[in-house]
Amino acid sequence: MLDTWTLLIIDDCAADRKIYRRYLLKDPHQSYKILEADCAEEGLALCQKERCDVILLDFCLPDMSGLELFDRIQQEIFKTSVPVIMLTGRGDEEIAVQVMKRGALDYLVKQNLTQDVLQLAVRNAIKQSCLQAQLLKTQERQRLIATTALRIRQSLNLEQILNTAVAEVQQLLKCDRVIVYKFAPDTDGKIVASSIEPYRTVALCDRVGVGDKGTRRQEDRGLMTREEFSPSPIPYIYELGLCNCVNLKEQFNTKANLVVPINLRNNGNSTPKVWGLLIAHHNSGERHWQTDDTEMLNEVSVQLAIAIQQAELLAQTQAALAKEKQLNVFKSQIITTVSHEYRTPLTSILAAASTLGKHSQQLDEPKQQRFLGIIEQKARYMSKLVDNMLLVNQLELEKPKFQPISVDLLQFFSELLEQERETIGDRHEFIFKITGNHHGFWGDRGLLQQIFINLMSNAIKYSPDGGNVEFHLIGKESEAVFYIKDQGIGIPMADQENLFQSFSRGSNVDTIPGTGLGLAIAKACVELHSGSISLSSEVGQGTKVTVSLPKICPTN
Ligand code: ATP
Ligand code: MG
């Protein structure tokens with residue numbers, strides 16, 4: 001079926017108007033609704049009442065010149081280019097040129113007018129005006145998208161980018177709500193930005209990327225009804241790999257959602273990585289999404305993807321920089337510690353070795369043994385220091401693998417105590433208690449040893465006058481809790497906060513040797529087990545360290 005175009009003839013000559021009407025209605029390629037006016041005033045009134053696709057305008061009217069009328073139509077009515085064909089008399093070409101300069105689409109000389117000429121001129125005028133309208137629309141769209149893109153890409157902060165994007169798209173498409181849904185690598189995705197708050201507790205669905213509709217639980221937590229949001233098809237679309245725009249309303253018979261993927265470049269791979277979805281939602285009143293809306297959303301999504309990529313890149317660079325800084329601080333701490341902590345034992349070793357070398361004749365057997373003992377003890381200390389520093393370095397910067405196995409805690413601690421018996425000596429009374437159910441524990445033996453050897457050695461080392469060292473294991477249903485309690489020197493309140501950081505020591509350690517690494521190692525190992533460690537202490541009374549470890553670490 002042909003489109004019907006509205007055409008207005010403004011001419012004071014009724015006979016001419018009749019001819020034009022007859023010619024035009026005979027056009028087999030076009031269908032017209034024809035309006036007529038015999039003077040400028042009536043013509044203006046009709047223009048105001050109805051949107052005309054083409055105006056045939058006589059240059060000479062009783063109440064106004066055609067030129068004047070052309071200007072008024074331009075200014076008052078359409079404010080854009082008016083599809084006007086001027087009808088002039090023979091010899092009035094000068095006027096015709098003037099009117100063409102002002103933007104009329106064509107002019108025809110009345111005396112030469114034939115049916116074919118008029119039909120062709122009107123058809124061309126319509127075509128030209130349609131193209132012009134399309135061009136204007138495209139330009140306007142490009143301008144809007146460019147402004148939107150500029151606003152989105154002004155920030156390098158991901159949250160800000162997403163929030164700007166949803167607000168801008170809502171304005172651009174004049175819709176009810178816009179959201180950004182982000183896919184997660186192996187679990188659910190979630191809404192990360194919405195033009196309408198609150199949104200954080202809204203679950204789109206439980207599983208993303210599952211093709212079977214039956215396995216998807218559609219869930220709504222009360223902030224939006226399912227009718228309002230229609231969450232379920234989104235993962236389904238993703239599963240189908242529809243990388244072009246998808247109009248959910250048509251394809252899945254759901255409410256008015258328009259969804260486009262946010263595709264990021266994929267490290268040289270030609271298939272982009274689908275980061276998430278940009279969803280426009282319109283529920284108030286009927287909304288038929290136009291190709292234009294789709295294209296705009298797609299273009300904004302491209303810009304958004306660039307902005308996201310830039311923000312992610314910046315975050316990665318900042319993280320790398322922070323790690324680099326951390327490494328530098330750590331390295332300088334190592335240098336300071338090594339130079340400081342090595343000097344004292346080295347001096348003792350050198351002094352003992354030199355005494356033995358120079359005066360071994362004069363020294364009796366027990367004295368010689370004592371000097372050799374000093375050398376061995378100091379060398380062991382230095383070796384432990386190196387081991388600890390390497391371990392902290394590994395724990396803090398490389399994150400070693402956590403390899404849990406089933407551990408019999410009773411047997412584990414018996415072996416550990418046996419191993420540490422030498423260190424415990426006779427000045428301390430060691431009390432070992434087990435309560436509750438300690439079975440069913442999974443952990444990494446190497447890391448567990450690091451935790452408890454450090455805590456036990458602290459309890460003994462920092463109670464130089466001896467006393468009880470209590471070790472208590474409480475087996476609970478899903479976790480095991482350990483207390484190590486001593487009656488030693490305690491820790492001043494002000495120092496307690498930082499003790500789990502590498503190289504920090506209490507201000508009351510006096511000559512008790514140490515590098516300040518044991519608790520940092522213990523904490524890192526506890527965290528690899530997804531557990532927690534805390535400490536309570538009072539100067540002169542003693543210290544209690546509590547470690548809670550899940551029996552089965554959640555990541556396994
Ligand atoms: P090392 O690296 O040889 O273990 P360290 O014992 O000094 O050296 P951490 O085990 O990390 O290092 O302990 C840090 C600090 O916390 C200690 O220097 C000490 O001041 C304090 N501290 C830790 N445990 C106890 C405790 N049971 N009683 C008193 N102070 C303690
Ligand atoms: Mg220690």
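Helices (H or I, at least four residues) and strands (E, at least two) are DSSP runs, numbered from the N terminus. This is a predicted model, in which local features need pLDDT of at least 70, side-chain atom pairs count only at pLDDT 80 or more, and totals for chains, interfaces and linings use all residues. Residues are numbered from 1 along each chain as its sequence is written, chains are lettered from A and ligands numbered from 1 in the order in which they are written, and side-chain values use heavy atoms, without hydrogens and water.

**View 1. The shell around ligand 1.**
The shell around ligand 1 holds 21 residues, where being near means having a heavy atom within 4 Å. Tyr462, Arg505, Gly506, Thr515 and Leu519 come nearest. Three helices each supply at least two shell residues: H11 (365–398), H13 (445–461) and H15 (518–528). H13 gives the most, with three residues. By type, the shell divides into seven nonpolar, ten polar and four charged residues. Here Ala, Val, Leu, Ile, Met, Phe, Trp, Tyr, Cys and Pro count as nonpolar, Asp, Glu, Lys and Arg as charged, and the others, Gly among them, as polar.

**View 2. Polar atoms facing ligand 1.**
A polar side-chain atom of Tyr462 lies 2.7 Å from an oxygen atom of ligand 1. A polar side-chain atom of Arg505 also stands 2.7 Å from a ligand oxygen atom. Leu519 takes part through its backbone: a polar backbone atom there is 2.7 Å from an oxygen atom of ligand 1. On its own, ligand 1 has 580 Å² of accessible area, and the protein covers 98% of it. Areas come from the Shrake-Rupley method with a 1.4 Å probe; for residues, only the protein chains shown count as cover.

**View 3. The largest nonpolar core.**
This core has 51 residues. Phe413, Ile451, Phe452, Leu455 and Phe482 touch the most other members. H13 gives the most to this core, with eight residues. Domain 3 (327–394) and domain 4 (405–550) each contribute at least three residues. A nonpolar core is a set of buried Ala, Val, Leu, Ile, Met, Phe, Trp, Tyr and Cys residues joined through side-chain atoms within 4.5 Å. Domain bounds come from an automatic or database assignment.

Ser301 is found in helix H10, which spans residues 291–359. With a relative accessible area of 3%, Ser301 is buried (under 20%; exposed is over 50%, partly exposed in between; 1.4 Å probe, protein chains only). The side chain of Ser301 reaches the backbone oxygen of Pro261 at 2.7 Å.

**View 4. Met64 beside Cys39.**
Met64 sits in the loop between strand S3 (54–58) and helix H3 (66–78). Met64 counts as buried, at 8% relative accessibility. Along the chain, Met64 and Cys39 are 25 residues apart. Their C-alpha atoms are separated by 7.9 Å.

**View 5. Two positive phi angles.**
Phe503 is not a glycine, yet its phi is positive, near 70°. Its place is in the loop between helix H14 (493–496) and H15. Phe503 is buried, with a relative accessible area of 16%. Ser530 is also not a glycine and has a positive phi, of about 60°. Ser530 belongs to the loop between H15 and strand S16 (532–538). At 37% relative accessibility, Ser530 counts as partly exposed.

**View 6. Gln111 and Gly89.**
Gln111 lies in the loop between strand S5 (106–109) and helix H5 (115–152). Its relative accessibility is 47%, so Gln111 counts as partly exposed. The chain places Gln111 and Gly89 22 residues apart.

**View 7. Arg427 and Gly467.**
Arg427 is part of the loop between helix H12 (409–424) and strand S12 (428–436). Arg427 is exposed, with a relative accessible area of 58%. Gly467 is 40 residues from Arg427 along the chain. Between the C-alpha atoms of Arg427 and Gly467 the separation is 6.9 Å.

Methods:
A polar contact is a pair of N or O atoms within 3.5 Å; within protein, one must be able to donate a hydrogen and the other to accept it, and residues adjacent in sequence count only if both atoms are side-chain atoms.
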